[in-house]
Amino acid sequence: MSEAVEPKLDQIQAALRARVRHSSAHCPELDRLFPGSYPRVLVRGDGAYVVDDHGRRLLDGGGHLGACAVGHGREEIGAAMAEQAATLEWASLDLGLSHPVAAELAERLTPLVPVDDPLFLFGSTGSEANETAFKVVRAYHRRQGRPDRVKIIGRDGSYHGSTYGAMSATGIPESREPFAPLVPGFVHVTQPSPGRCGLCTVEGGCSLECARDVERAILREGPDTVAAVIAEPIAFRQAIKVPHDGYFPALRDICTRHGVLLIVDEVITGFGRTGRMFGLDHWATTADIVTVAKGITSGYAPLGAAAVSGEIAAAFADAPLAHISTYAGHPVSCRAALATLDIIEREGLVESAARGETVVRECMERLRDELGCVRHISAKGLLTSVEIDLPGREQPADAVRRICHECYERGVILRSAAEGPRAAVYFYPPLVVTADDIREAFAAVADALRVVVAAGLER
C-alpha cells in the first residue's frame with residue numbers, strides 16, 4: 001500500500017478557489033490587485049493568533065467574524081467536545097427526548113442573559129436564532145388573541161442574518177436587494193448613529209430622535225399590527241455604532257407602552273465582547289427575547305439560541321410552538337459552550353475586554369495624531385472601529401481590499417468596509433489578546449494605512 005501524500009499548498013488553494021464559496025471575497029478582483037495571493041489558507045490557531053500555510057503568525061483582529069472569545073487552539077474545549085462525542089454524540093430535543101448537557105447549559109445561561117425567567121430555543125446559527133424569534137413573537141400574539149400583530153420593525157444599518165426572515169429584518173440594502181422579493185411585514189426605521197440617522201449630527205450628538213422614530217413607526221403602522229422591534233445593542237455594519245446611553249431604556253419603554261415585544265440581537269455582542277457579558281447590560285435593560293450565537297461556543301462548534309421570557313413561554317405551555325430544528329441543543333455544541341463559559345469566567349475575559357478598550361482607544365488616538373485621514377473612533381470593549389477618509393483616486397472597494405491585504409502582510413487580519421468616500425477598519429480580536437498584542441497590531445495598521453493612502457494618491 002502506498003502512503004497517503006499530503007496535497008501541495010498550491011493544490012489546496014486551487015481546490016478552494018474552484019469548489020468552495022468564500023463570503024465577502026471575490027477572487028477575480030483580489031487576483032487583479034494581488035495575483036496568486038488568495039484565498040489565504042489558515043492551518044492552525046494559538047490564542048489571539050492564527051498561522052497560515054506559509055508559517056506566518058497573524059493576530060486575528062476580525063477573521064473569526066466575532067465568534068472567537070476565548071482564543072484559538074484551546075485544548076480544554078477540544079477535549080470536552082471529544083469526551084462528549086464519545087459519550088453521546090447527538091440526541092434530538094424532539095419526540096419527548098432530551099439530554100443532560102442541554103439542561104446544564106440552559107441552567108448556566110439563565111442568570112446571565114438579560115431576559116426574565118428565560119426559556120431557551122436552541123439552534124445552530126444566529127440567523128436561525130433570529131428566525132426563531134420572529135416565529136415566536138407572531139405565534140405569541142396570535143395566541144393572545146392579536147392575530148394582526150405580525151409586523152417586525154428593524155433598523156437601517158443593522159444586520160440580522162442571511163436567511164430570508166433575518167435578511168428581511170436587516171437594514172443594509174446590499175444584503176437584501178439582490179435577493180428580492182423579501183418576506184413581507186418588515187418595516188425599517190433610522191439607526192441610532194449620529195450623522196447616519198438623518199436626525200442629528202456627529203458634532204451635535206444624539207438627540208434620541210432615533211428612538212422616537214421607532215415610536216412614530218409603530219403609530220404609523222398601527223400598534224395593533226406590530227409584533228416586535230429587533231435591535232442590536234451595538235450595530236456593526238458601516239462602523240461600530242454605539243448608541244446613546246438613553247437609547248435602549250427609551251426603546252424598552254416605547255415597546256412596553258405599545259404592547260410590542262423587544263428582540264435584542266446579541267449574536268456579535270454577547271459573551272463578553274463589549275466588556276459586559278451582554279451588550280444590553282451596559283444600559284441595565286431587559287429584552288423579551290435575546291438571540292445569541294458566535295461567542296456562545298467561541299466558534300468551536302455551531303450553536304445559537306433564542307432566549308424567550310417566561311411570560312412569552314407561558315403562552316405555549318398548553319400547546320407547544322410548532323417549531324423544530326434538527327441540531328437544536330446538539331450535545332457536542334452544548335459541551336463546547338459550557339467549556340467556553342468556564343474559560344470566560346475563570347480567566348475574567350469580560351473584564352479583560354473592558355480593559356482592552358482603553359488600550360485600543362489609546363492606539364486609535366495615536367493613529368489620529370499620526371495620520372491625517374482618521375475621522376472617527378468608536379469602541380465598546382473589544383468591539384471597535386476607526387473610520388478614515390479614503391484616497392480619492394482609487395475605487396473605495398479596491399481601497400478596502402488593499403487595507404486588508406496590507407494589514408495581513410504585516411501580521412494582522414482585519415475587516416474593512418467602504419461607505420462612500422470613507423472606510424471603517426474594524427478591530428475585534430479574541431478576548432485573550434494582551435495590551436502588547438494590541439499595540440503591535442496598531443503599529444502594523446498604521447504602517448498599512450500609510451501605504452494604502454500613498455498608493456491611492458499616486459493612482
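# A chat about a predicted model

Student: How do contacts in the protein between residues at least 6 apart in sequence divide up?
Tutor: Of those contacts, 71% join residues at least 24 apart. Keep in mind that this is a predicted model.

Student: OK. How many helices and strands are there?
Tutor: The protein has 14 helices and 15 strands.

Student: And how compact is the protein?
Tutor: As compact as a globular protein of that length, because its radius of gyration is 22 Å, close to the 23 Å that the globule rule gives for 459 residues.

Student: What box do the C-alpha atoms fill?
Tutor: Roughly 70 × 65 × 40 Å, taken along the principal axes.

Student: What percentage of the residues is buried?
Tutor: Buried residues make up 55% of the 459.

Student: Let's pick one residue. Is L280 buried or exposed?
Tutor: L280 is buried, because its relative accessibility is 0% and the cut-off for buried is under 20%.

Student: Where does L280 sit?
Tutor: In the loop between β8 (261–265) and β9 (289–292).

Student: Switching to helices. Where is Q84?
Tutor: Q84 is in helix α3, which covers residues 75–87.

Student: Buried or exposed?
Tutor: Q84 counts as buried, at 8% relative accessibility.

Student: Which residues does Q84 touch?
Tutor: Leaving out residues up to four places away in sequence, Q84 touches E89, V101, P331, V332 and R335.

Student: Now R346. Which helix is that in?
Tutor: Helix α11, residues 331–346.

Student: Is R346 buried or exposed?
Tutor: Exposed, because its relative accessibility is 51% and the cut-off for exposed is over 50%.

Student: What does R346 touch?
Tutor: R74 and E76, not counting residues up to four places away in sequence. With E76 there is also a polar contact, side chain to side chain, at 2.8 Å.

Student: And how far is R346 from I268?
Tutor: The two are 21 Å apart in space, C-alpha to C-alpha, and 78 residues apart in sequence.

Student: Which residues are closest to its centre?
Tutor: L93, L119, F120, L121 and F122, out of 26 residues that line the second largest pocket.

Student: Which elements give two or more residues to that lining?
Tutor: They are α4 (100–109), β4 (119–123) and α10 (310–314).

Student: Which one gives the most?
Tutor: Strand β4, with 4 residues in the lining of the second largest pocket.

Student: How does the lining divide by residue type?
Tutor: It has 18 nonpolar residues, 6 polar and 2 charged.

Student: Back to the backbone. What kind of peptide bond joins Y38 and P39?
Tutor: A cis one, with omega about 0°. P39 lies in the loop between α2 (27–33) and β1 (42–46).

Student: And what joins A180 and P181?
Tutor: A cis peptide bond as well, with omega about 5°. P181 lies in a loop too, between α7 (173–176) and β6 (186–189).

Student: What about phi of L65?
Tutor: Phi of L65 is near 60°, a positive value in a residue other than glycine. L65 is in the loop between β3 (57–60) and α3.

Student: How accessible is L65?
Tutor: At 42% relative accessibility, L65 counts as partly exposed.

Student: Last one. What is phi of L95, and where is that residue?
Tutor: Phi of L95 is also positive, near 60°. L95 sits in the loop between α3 and α4.

Student: Is L95 buried or exposed?
Tutor: Exposed, at 74% relative accessibility.

Key
Residues numbered from 1 in each chain as written. Predicted model: local features only at pLDDT ≥ 70, side-chain atom pairs only at ≥ 80, totals over all residues. Heavy atoms only, no water. Buried < 20%, exposed > 50% of the residue type's maximum accessible area, 1.4 Å probe, protein only. Contact = heavy atoms within 4.5 Å. Polar contact = N/O pair within 3.5 Å; in protein donor to acceptor, adjacent residues only side chain to side chain. 1 Å grid on protein atoms, 1.4 Å probe; cavity = no way out; pocket = protein on both sides within 12 Å on 5 of 7 lines; lining within 4 Å. Nonpolar A, V, L, I, M, F, W, Y, C, P; charged D, E, K, R; others polar. Rg over C-alpha atoms; globule rule 2.2 N^0.38 Å.
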